[in-house]
Amino acid sequence: MQTLSYLSLLVGTWLALAVVYTGVGLLFRRAMRAPDVALRDLVMLPILGWCLTMPLLTAWHLFRPIDGWTLAAIIVIGLVGIATHAREMSRIVGHGIRSRPGLLLVLLLAGFWLANHTAIQHTIYDSGFYHLNAINWIQSYAVVPGLGNLSKMLGFNDSYFLYVALLDQGVFKFKVHHLAGAFLLFMLICRSLTSWWIILRSRERVQLAHVLDAFLLVYILVLSTGVYGSSHSPDLAVYILGFVIGSELLRILESTQHLAAGTDSAAESSDQVSLRFYTLVVLCAVAVTVKLNFFVFGAAACVIALIALIRSPARLDLMKARSLVPAGLTILFIVIFWTLRGIKLTGSIGYPATWVVLPVDWRVPVETAQAYVSEIRAWARQPYGAPAVVMADWKWLWPWFNGLLRAPFEVVTPIAVGAVGAPLLFKLSGRRLSRTELGRPCAFLLLPVAALVFWFLAAPDPRFAGAIFWLFGAGALALVIGRLERRSIITALLLFTILSLTMNFNPIAFVLRWQRDMGPERTGPLKIMTTTSGLQVHVPVEGYQVWRAPLPATPHFNPELRLRVPGDLSKGFTVLPSEKKDESPF
């Protein structure tokens, strides 16, 4: 009974967060002077609102730690958004309850299923390695200058940890891994199940994006039951935002195709498509702040969507000041405050890249950052290999390829489905498509292909690929299946889903998780080491996991580390010689 009460608390909190983030999303739509909200917009608004709060948290953290007051401020902003759209939301929610009670019941049951699988102890190594350490600093101080000098991982300017720190309050203190990532998974499951409902029961026209979302359900379930379901990892947010951005891009491509052809089958008007484009740009900008390696994926998505819009009647709405100005200011806000926070953490922009390093005394030395980049690139190709040896030639390629084959569901299945299964089904269908039909929606495949090329050249570890593989496989399949009649779409989806679930899940374990360890977070033994300047630092007795150790803590002890202002952790860290220290207002 206690477990059921806790699971109910989790689901109830996710629903409350969905309301708050929906309110934030509504305020953005109001600033954009968007058309009236429709029932179909409810699956997107919470994710949009979540993204919009990330730059707010970034700006807040420049001056104050993330604490209960921050959470209260976000809740107030969300409730203001709901209040200003109260009549509209009341009408939409009432209509949804009356017209789709079955769908709402399915979504609620899916929430309890997800809570059952994610209310467990986190098992990702990086949680103890640096995730919890970063969250501890975020909750204790405003952004600390030179924190990357204490630990090279703490230099990452990942805004996702601000969100996790925001929810690490009250009854979820030390159990936030049950709540934060799982909320985003719940929103993604709701999106996918809604697409399933539209395909199975609704009279609404089936779009390619609906088919894509439905195909992705299997992989979303795999994410939910795997190590990412209960974790603090920003990798999970990258997966989720990748899926949402891919789906939104496909929706834009299909809508602009119909607008350009002047057909009556267009699901959205030109101003709605323009709003969707600006929403896509915001999602991509925030995704880059979550993890920098998302940049190529996000840039490719924006460029593909922009070209499609320019070549359609929607280009006229795209340049209207009522949309362009608030969207541009939002993007500027995201970029400026993320950049400022990164500068304070490491003295550079885009750490661990060293393209722009400022002459401040808390900067991470260029050679340290460059060595870390080499470590990441080498690890992705051959774990535990010496970077100089691994990167010297291509001997890593064959062992690396064999390693990919040991990840059949994450890599082999989507590649096989996209490169072999989809073309074969298209051939067997005997359909012929016009050049116009092939051009716009099929341009969607340029997104995962471009991202895969960058991934291979940069750091080709499947963990760093995010949603790329499954966007390629499910996207290619959706482009073929989505053009068939509804009955054929349903048959293909059911066969694919049942076959995939059978191959990857134990039926009993899929329904119920046994041997539950609900936490709280693990800890490990620590020792205190003293730097040459007299600074005492907590270090793991063995291994590299510091967990949520007392501050300051690091898995990599540096005897040259010292405080910029003796006795004051908030003023940050430096490893530069004293005579090179610059005057700074921070």
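Biologist: What should I know before I start?

Modeller: The model is predicted: local features need pLDDT of at least 70, side-chain atom pairs count only at pLDDT 80 or more, and totals for chains, interfaces and linings use all residues. Residues are numbered from 1 along each chain as its sequence is written, and side-chain values use heavy atoms, with hydrogens and water left out.

Biologist: How do I read helix length, and what span does H5 have?

Modeller: Helices are DSSP runs of H or I with at least four residues; strands are runs of E with at least two; both are numbered from the N terminus. The expected span is 1.5 Å times one less than the number of residues. H5 covers residues 101–118, and its 18 residues should span 26 Å. Its end C-alpha atoms are 26 Å apart, which agrees. H12, residues 234–261, has 28 residues. H12 reaches 41 Å, close to the 40 Å expected.

Biologist: How many residues of H12 are buried?

Modeller: Buried means under 20% relative accessible area, exposed over 50%, and partly exposed in between, with a 1.4 Å probe and protein chains only. In H12, 26 of the 28 residues are buried. H5 has buried residues too, among them Leu103, Leu107, Trp113 and Leu114.

Biologist: What caps the N-terminal end of H12?

Modeller: Look for a polar contact. That is a pair of N or O atoms within 3.5 Å; within protein, one must be able to donate a hydrogen and the other to accept it, and residues adjacent in sequence count only if both atoms are side-chain atoms. Here serine 233 is the cap. Its side-chain oxygen lies 3.1 Å from the backbone nitrogen of aspartate 235.

Biologist: Which residue forms a salt bridge with aspartate 235?

Modeller: A salt bridge is a side-chain nitrogen of Lys or Arg within 4 Å of a carboxyl oxygen of Asp or Glu. For aspartate 235 the partner is lysine 291, with the closest N and O atoms 2.2 Å apart. Aspartate 235 lies in H12 and lysine 291 in the loop between H13 (270–290) and H14 (295–310), so the pair ties together parts 56 residues apart in sequence. Aspartate 235 is buried at 6% relative accessibility. Lysine 291 is buried at 14%.

Biologist: How many salt bridges does the structure hold, and which residues are linked in a network?

Modeller: The structure holds 15 salt bridges. Arg191, Asp213, Glu248, Arg251 and Arg276 are linked in a network. Within it, arginine 191 pairs with aspartate 213, the closest N and O atoms being 3.5 Å apart. Arginine 191 is in H9 (residues 180–200) and aspartate 213 in H10 (residues 208–215), 22 residues apart. Arginine 191 is buried at 3%, and aspartate 213 is buried at 4%.

Biologist: Where does glutamate 375 make its salt bridge?

Modeller: Glutamate 375 meets lysine 152 at 2.8 Å, N to O. Glutamate 375 sits in H17 and lysine 152 in the loop between H7 (147–150) and H8 (160–167), so the bridge ties together parts 223 residues apart in sequence. Glutamate 375 is partly exposed, at 33%.

Biologist: What does valine 373 touch?

Modeller: Contact means heavy atoms within 4.5 Å. Valine 373 lies in H17, residues 366–381. Not counting residues up to four places away in sequence, valine 373 touches Pro352 and Ala353. Valine 373 is partly exposed at 27%.
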